[in-house]
Amino acid sequence: MNASRFSPQELRTRLGSGLLSFPVTHTAPDLSFDEAGYREHVAWQAGFGPAGLFAAGGTGEIFALTPDEVPRVVRAAVASVPEELPIVAPAAYGTAQAVAMAADAEAAGAAGILLFPPYLVQVSEAALVAHVRAVCAATSLGVIVYHRANARFTAAAVATLARTCPNFIGFKDGVGDVDLMTRLCHGTADLLLIGGLPTAEVYALPYLELGVRTYSSAMFNFIPEFALAFHRAVLARDRAEVDRRLREFVLPYLEIRDRSEGYAVSIVKAGMTAVGRTAGPVRSPLLDLGPDDLADLAALIESAVHPDEARTASSVGR
């Protein structure tokens, strides 16, 4: 194992200090990994000062990357950003695969692990806790669990993990269970809580009232200054500004996103295309936005995003 630049506690503090970026994974026309394009993109994102960058996450299409590609994506991210920006790598699928991915991520120089739900199977709470423990034991990096789909944790399970796994540092919520999040906010003071519902900006202000100060922003990919300004307005509890940005951009964006299953990821790459920073097509089984949907998204960005927040995105292209 290589020593990370961040202890688990340092990583928890750093990730909680600002907005989190979940970059897309660039693809060439033949759907191979476009490493050069990806490296340029994560370096460009780093220039806007995210608190952390999550490589090959859900927005990064981990579900469509091959086992050989995930380590390439992680290493490309680590090599493309300043040392002070933590890269969080994925661990996924079955326990043996997740353990191997966590160990490889540490060897690659990642600062932490985002643990995805175990693949396909429905498991008991005890089995889910054992799965997380096995990954935590395989690495000295800080581990964040992703609460979604078949990986639904109770407050008791989270408390058990926090008590028994020193490097269990974070909980990313992709379910929207307000009862659970309230319990965690009031019962696990040392745990980093991350808003992780699709288009997390929609829930950012109410989640802040629970105590969740950061979230995963897919919009950071194509309108980073808008995403950062939105986050600042949330932290300032500037309801008028948050409501304005929701009304003018985020909610119309959701209307386009909801036109088809799978668009939650596809629309992010479409946003990249709309601002002149194409990241290539999504991989099967996803489909790219149709021409009309892409045109509507481009028009929305043009009309609703402040010129200073859109110009930066389109003027720093490759």
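This is a predicted model: local features need pLDDT of at least 70, side-chain atom pairs count only at pLDDT 80 or more; totals for chains, interfaces and linings use all residues.
Side chains of opposite charge can pair when their charged atoms come close. Across the whole structure, 15 salt bridges are found. One of them joins the side chains of R75 and D104, with an N to O distance of 2.9 Å. This pair connects distant parts of the chain, since R75 belongs to helix α3 (residues 69–80) and D104 to helix α4 (residues 95–108), and the two are 29 residues apart. Both partners fall between the limits for buried and exposed, which are under 20% and over 50% relative accessible area. R75 is partly exposed because its relative accessibility is 33%, and D104 is likewise partly exposed because its relative accessible area is 26%.

Two packed helices are described by the angle between their axes and the distance between the axes. For α3 and α4, the axes come within 10 Å and cross at roughly 30°. Angles under 35 degrees count as roughly parallel, and α3 is therefore roughly parallel to α4. The crossing of the two helices is right-handed. On the α3 side, the contact involves V70, P71, V74, R75 and V78, which meet M101, D104, A107 and A108 of α4. Classified by residue type, this contact comprises 7 nonpolar and 2 charged residues, with no polar residues. R75 and D104, the partners of the salt bridge, are both among the residues in contact between α3 and α4.

A further salt bridge is formed by the side chains of R237 and E209, at 3.0 Å from N to O. R237 is located in the loop between α9 (224–235) and α10 (239–257), whereas E209 lies in helix α8 (residues 204–210), so the pair ties together parts that are 28 residues apart in sequence. With a relative accessible area of 44%, R237 is partly exposed. E209 also counts as partly exposed, at 48% relative accessibility.

The side chains of E255 and R259 likewise meet in a salt bridge, with an N to O distance of 2.8 Å. E255 has a relative accessibility of 44% and so counts as partly exposed. For R259 the corresponding value is 36%, which again places the residue in the partly exposed class.

Note on methods:
Residues are numbered from 1 along each chain as its sequence is written. Side-chain values use heavy atoms; hydrogens and water are left out. A salt bridge is a side-chain nitrogen of Lys or Arg within 4 Å of a carboxyl oxygen of Asp or Glu. Helices (H or I, at least four residues) and strands (E, at least two) are DSSP runs, numbered from the N terminus. Buried means under 20% relative accessible area, exposed over 50%, partly exposed in between (1.4 Å probe, protein chains only). Axes are lines fitted to C-alpha atoms, for helices over the stretch in contact, and angles run from 0 to 180 degrees between N-to-C directions. Angles under 35 degrees count as roughly parallel, over 145 as roughly antiparallel, 65 to 115 as roughly perpendicular and the rest as oblique. A crossing is left-handed if the near helix is turned anticlockwise from the far one by less than a right angle, and right-handed if clockwise. Contact means heavy atoms within 4.5 Å. Ala, Val, Leu, Ile, Met, Phe, Trp, Tyr, Cys and Pro count as nonpolar, Asp, Glu, Lys and Arg as charged, and the others, Gly among them, as polar.
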